[in-house]
Structure formats: C-alpha cells, structure tokens
Amino acid sequence: MSDLPIVPFLIIFPLVIAFFMFVVRADRVRSCIAYCGSAIIIAAVGYLTFDWIRSGAEPIVLYLDTEVADWCILGAEVILMVVVTFLSFKYRKYWVSLLSIIPTAGMIWLEVAGPKLEEGYHIYIDHLSVLMCIIIAVIGGLIAIYAVGYMHGYHNHHKNVEDRRHYFFMLLFIFLGAMFGFVLSESLLWIDFFWELTSICSFLLIGYTREEEAIHNSFRALWMNLLGGCALAVGIIYFAVAQHSVSLHVLVERGVYGDHVAGIVVALIAFAALTKAAQLPFSTWLIGAMVAPTPSSALLHSATMVKAGIYVLLRLSPAMSGTTTGSLIAFIGGFTFLATSLMAIAQSDGKKILAFSTISNLGLMVACAGVGTPETMWAGVFLMIFHAISKSLLFQDVGATENSLHSRDVEDMHGLLYIMPKLAAFMFIGIAGMFLAPFGMLISKWAALRASVDERNIILVLFIVFGSATTSLYWTKWMGKLVSHTHLTEEKIKDVTRPTEMISLTIHAILMLLLCALFPILSGVYVNPLVSETFGVSMDVLPVQVLIVLAIIILLVFAVPVIAFVYSRKMTFNRKGSYMNGVNYGDNRSFVDSFGGRKTLWLSNHYYKDLVGKRKLMKPAQIFTTAVLIVMLTTIIGGMLS
C-alpha cells in the first residue's frame, strides 16, 4: 500500500469531526460539517479499498512499533472508566461501575507489569475488514446525513426533549471512528479499547433524551455490553499470560490447530460477542434502544454496534468449527433466530418489529459463524451485507413515516402506497430485501439451511425452517398493510420528509436493488475470495439456474404493488366500491348493516400477543439460554483450572 496514513486517518478523522460537531452550535454550519465529514469518510474508505485492491487484495499488516499509540489508548481507556464510574454513581447504578473498573485494571496491569509479549502488528487489512469498513462508511455516513434533517423535525415534535444535537452528532461520529478502529485492529488490546468505546457511545446515545425510561434502558445496554467486555478482557489476559501474545490471528490459528488455551480464549471472546450481538439472554438491551431517536436506532441495528459482535464471531469461525464452543454458539444463535421471530409476530409498533427482526437475523448470522464451514461463512457474510442495508433503510423510512403520520404503528400505515408513495416504495424494497428472493437475505438463509443439512445438525435445521416461516408471516402482514386500499382515510397527510432524508433513503434503495442484480458478481469477485482467505477453500454456493428462477419470482412480487396502485387509480376514477358486509356507502370505508345502521369497515392484522408476545416468551427464552451459557462457562472455567 502507499505511504498515505489512511488507516489512522479513518480512525482519527471522525473524532476530529466529533469535536467540531460538539463545539459548533450554529445549525447550518454543523449540518455542513456533517455532510462534508460523511462524504470525506466515504471517500477515504473508497481510497483504502482501491489502494488495497491495487496492492493485490492480499492480507496486509501494518504498524509494528506503536508504543506512543499504546499509551494513548491505555490513557483513553482509563478516561472511559472514569466516565462510566461517574455516571454510574450519578444515577445510583453503583455496581455497573465495577464492570468497567475491573477489566480496565486488568488491562493496566497487563501493559504495565504483565509478561513480555511477542512483537506483533496492530493493523490487519483483508477482505473482511475492508467489507466492514465499506459498510460502516456508506451506511454510517448516510445515516449521519439523514440525521441532519431528522433531528430538526424530531425536536419540533418532541418539545419536552432538550435540544442537544451537538452532543448527538458528536457521539455519532465518535461511534464511526471507534468502529473503524475495531474492525481494522489486529491487536487484542486495541480491540478491547474500541469495544469499550462503542459500548459507552451506544449507552450515551440510548440515553440521549435523559427521560427515566431512556436512562433505565441505557444502563441495561451498558451493563450487558460491559459484561461481555469483562469476558473479553479475561480472555486477552489469559492468552497473554499463557502464550505471550495478543494477536487476533495468532489466537485463531492456534485455535484451528486445537490448542487448549486458545480454545478457552475463543470461547470467552465468543461469549463477549453474544452480548454485543444482542443474542438471548442479552437481547433486551437492543429492544430498549428503541427509545433513542431513529438515526441512533438505525446505527446500532444496521452498520455498527451489533455488527461488531458478528464481525468477531466470523473472525473466530474457523477456530470454532467442530468444537463444543461452536456447537453451543450455533445453538444459541439458532434458538434466538426462532424465538425472536415468534415474538416479532406479536408486535404492531414498526420499530419494535425491526428490533426483534434485527435480533432474529443476527441469531442466524451467529449460527452460521458457530457452525464454522465455508458455506456458512458465505451465508453469514451475505446476511450481514443485505441486513445492514435493508435494516438501515427500514429504520430511516419508519422514522420519516412517523414524522408525517405521527405514528409508527403498522396498522396506521394502511394504504401508505396511496398516501405517501415514495416512502411506501422504499419500505416495500426494504421489506422485500429482508425475506424475498432473489434478495440476499433469503438466499443466505437457504445456504445456511443447506449447510446445516450437510452437517446433519437437525436442531439447527428446525430452527432455520420454523424461524424463516415466522419471519415470512410478520413481514407479509406489514407488506400487505402498505398496499391495502379498503377503508383508506380521506384525511390529507403531508409528507414532511426533508431532502437530506430522501437522499439517504434513495441511495439505500438503489444500493439494495444493485446488490440484488449484482449478487452473482459480488459472490464470485469478493465473497468467495473472502471465504477462501478465511478457510483456505471456497465453493460456488449459488447455481446460475437458481438465480434465474429467483429473478422471475422477484419480478412477480414487485408486480403486486404496481398492479394495486394502477387498479386503485382506475377504481377511484370509475367510482367502483369494494364488496363489504352490507351496502357500500361509496367511500370504501363504511357500509349499511342489516339494521340499516352505518358501520365502519376496519381491516386489521392478528398479532397473537397472548400466545407469542414478549411477555409470554422472553423470560422462558432467557432462562433457557442462560442455562446453556452456564454450561459453556462451566466448561471454560474447568478448562482454565485443569
């Protein structure tokens, strides 16, 4: 690669932008900084990608001697500990501070008085890290652009919330810088720091409104992620003491060859990744994150926070293949996929459906990483790509729709295609991307299912089959609401979506369609080499004949809203009414009943809250997965003591 310090730039530049976002209080100037900063970050990642490809698209290691940076990172980690301790005491959550103090003290000991460590590089650039950088830059940058317009409307509608947009945008860009540092780091010490930084940024974003519910949910997210951070720190210290190394790839290589110590450390870090990826029993922190403004929800659910856990598990995947740790991780991921899909059926709040859907799809990615085969790696990577774009698009669309409808309930989105066609079209594309062929989510599920069958993992097969069925149910209900014409309201609803929001939504939708069209090319040119780089072997998972069939299916699917829209126009022109339980009043909203009275027609989905609601399933699911984790941790502790 060239001598341009693009990697430090990607980590430090968002922090510089964050500083200016905090000190500048003029809205127009701050907005301009957000636009320019996002564009520069995207361009910088584009340059990194181009430079890496020009260098042969081979793994590259950088920065052997980083003593000054190491001390700066250690000092920053101490500052984070002080911040967490201060806020924990301020809000009387004293015990939470221990989850920050203990691992930080361990890191200080390791770097100041610990054993002498093998020299190693601190930055690692390969297919997976470059892919993550692209996701973070493009999706994260577009979310920042979207947030400029959204946050203006947010404070117009939420007069009771103090306007702290300077603080919000500061956290947004710190988050992006931390994620770049996380996915590009080879040193486990650096990974630990960026892990803590993303955890604390998410904690502060969730608590942005400083309302009682927001504070409660933010601390729940904090302690769960810090608990994972404790497991990560213990694993790093144990590996450093036992084998005098803090290299991620050394850990994976030794884990592949069956090293006992490496196997224990892999299990500890995999446990930490479960907390970051919001898997059961830790899923509630991500559901609670819905109290935050929509841009932070989109950021946490699509491009950054939860993908950090998936990234780590994909890195560890070769070392988990065929192990007890891998089997337990795959089991927890598969069970989370099914359980949270069931809970999503009972939700009518759009953002809650997206939250449960996120946890569910993350569960499938976790299961793919746990199985640890080239085929599941291929599926997991595509799941991550399509999920990042689809979920970011949907969160932003729901936020824009809420600003216009003053509701994010799916039932209130009835006939959205005829009320706000642009937002409905974007929403339709986002939903299609989550569960229809030939969008990558469904194809990836098919690949994961086939790999599970090949591995004779019957339990995981059942999880994927029934989880996919329930997924189709709640997405179909939502999609049906968008195109329904009966009982449309006569009330004129103004679309208040700002141009910056519309730019982000449009680019997301275009990216989704392009990914669908270029799926085979992306697989052959990028994902297959990524799998080969990770496992040493690769395979063609998607036959061309299957792709042709799926392309025909998607054309038929998209024909549904087009036909519905055209037919509705004709129906309105010809004044034809829908069939009802009595004589149609002519407005398609009411009819004359058998007693001559006027009845309003209302179509509503079933949600089965008493059967599969969160209150019914969450506690049993948490208890069950906690028991599985206890077995896993008991095995780890036994291995460390033996």
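A disulfide is a pair of cysteine sulfur atoms within 2.5 Å. The structure examined here is a predicted model, in which local features need pLDDT of at least 70 and side-chain atom pairs count only at pLDDT 80 or more, while totals for chains, interfaces and linings use all residues. Residues are numbered from 1 along each chain as its sequence is written, and side-chain values use heavy atoms, with hydrogens and water left out.

Under the disulfide rule, the count is zero. For Cys 36, the closest cysteine sulfur belongs to Cys 32 and lies 4.0 Å away, which is too far for a bond. Accessibility was classed as buried (under 20% relative accessible area), exposed (over 50%) or partly exposed (in between), using a 1.4 Å probe and protein chains only. Cys 36 is partly exposed, at 41% relative accessibility, whereas Cys 368 is buried, at 3%.

Aromatic pairs were taken as rings of Phe, Tyr and Trp (its six-membered ring) with centres within 6.5 Å; planes under 30 degrees apart count as stacked, over 60 as edge-to-face and the rest as tilted. The structure contains 23 such pairs. One of them joins Phe 89 and Tyr 94 edge-to-face, with 5.0 Å between centres and 65° between planes. Phe 89 is partly exposed at 47% relative accessibility, and Tyr 94 is partly exposed at 43%. Elsewhere, ring pairs connect Phe 331, Phe 335, Phe 463 and Phe 624 in a cluster.

A charge sits over a ring if NZ of Lys or CZ of Arg is within 6 Å of the ring centre and within 35 degrees of the ring normal. Lys 276 lies over the face of Trp 195, 4.5 Å from the ring centre. The charged end of Arg 25 is placed over the ring of Phe 22, at 5.5 Å from its centre.
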